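I opened this notebook to record what I looked up about charged side chains and their partners. The entries follow in the order in which I made them.

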Amino acid sequence: MSGIDVITGDITVVDTDVIVNAANSSLLGGGGVDGAIHRAGGPAILRECRLLRETTLPSGLETGAAVATTAGDLPARWVIHTVGPVHSARDDRSATLRECYIRSLRLASSLGARSIAFPLISGGAYGWPLDDAVDQQVRAVKDANSTVESVVLVAFSEKIADLTRRALR
Ligand code: ADP
């Protein structure tokens, strides 16, 4: 069972073995945390993403799946890219959102990572209500029962940090 910590701030400066990117299925960059990771990590990450598209992932990464690349110039060793679902009021996609966390943890474990940092997947451009995005995150990380020793939940605002600390209690 992992230890779970909450911090507020920018995930690109966190020195866990893995940082997780809330990517889009193209793997070719985007806004939000994705843009920040590629900016701070330099061109090596995009190079490896392009290579994945040319080889094993010609149609991109499916929602809920996870794939690892180098972390380039970041303090982390690997970036794990995962694609959260776009929030829908009609269609309950929360199991897919939890899969992002579960499959990222499984992949981190297979890489031998001992620590991992997550942003709030789908909590930005993909429109998930923050309180539920946080609840899904906390539930998934707890249920995953991972061997990764340390999980850091990186909140990008004090509001998200408060929601996360509350959900963990
Ligand atoms: P998605 O498309 O999955 O919604 P976003 O990147 O738009 O992904 O947003 C996901 C969450 O990441 C949001 O809570 C957003 O505020 C947060 N975020 C954006 N930039 C950073 C960053 N540099 N470090 C940590 N979290 C970030």
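I began with Arg 165, which I found to be partly exposed at 34% relative accessibility, where buried means under 20% relative accessible area, exposed over 50%, and partly exposed in between (1.4 Å probe, protein chains only). I worked from a predicted model, in which local features need pLDDT of at least 70, side-chain atom pairs count only at pLDDT 80 or more, and totals for chains, interfaces and linings use all residues. Residues are numbered from 1 along each chain as its sequence is written, and side-chain values use heavy atoms, with hydrogens and water left out.

I then looked up the partner of Arg 165 and noted a salt bridge to Glu 158 at 3.5 Å, N to O, the term meaning a side-chain nitrogen of Lys or Arg within 4 Å of a carboxyl oxygen of Asp or Glu. Glu 158 is partly exposed too, with a relative accessible area of 47%. Salt bridges with shared partners join Glu 158, Asp 162 and Arg 165 into one network.

Next I turned to Arg 114, which counts as exposed at 52% relative accessibility, and I noted its salt bridge with Glu 149, whose closest N and O atoms are 3.3 Å apart. This pair links distant parts of the chain, 35 residues apart. Glu 149 is partly exposed at 46%.

I also recorded a salt bridge between Asp 91 and Arg 93, with 3.0 Å between the closest N and O atoms. By this rule I count six salt bridges.

Technical notes. Helix = DSSP H or I, 4+ residues; strand = E, 2+ residues; numbered from the N terminus.
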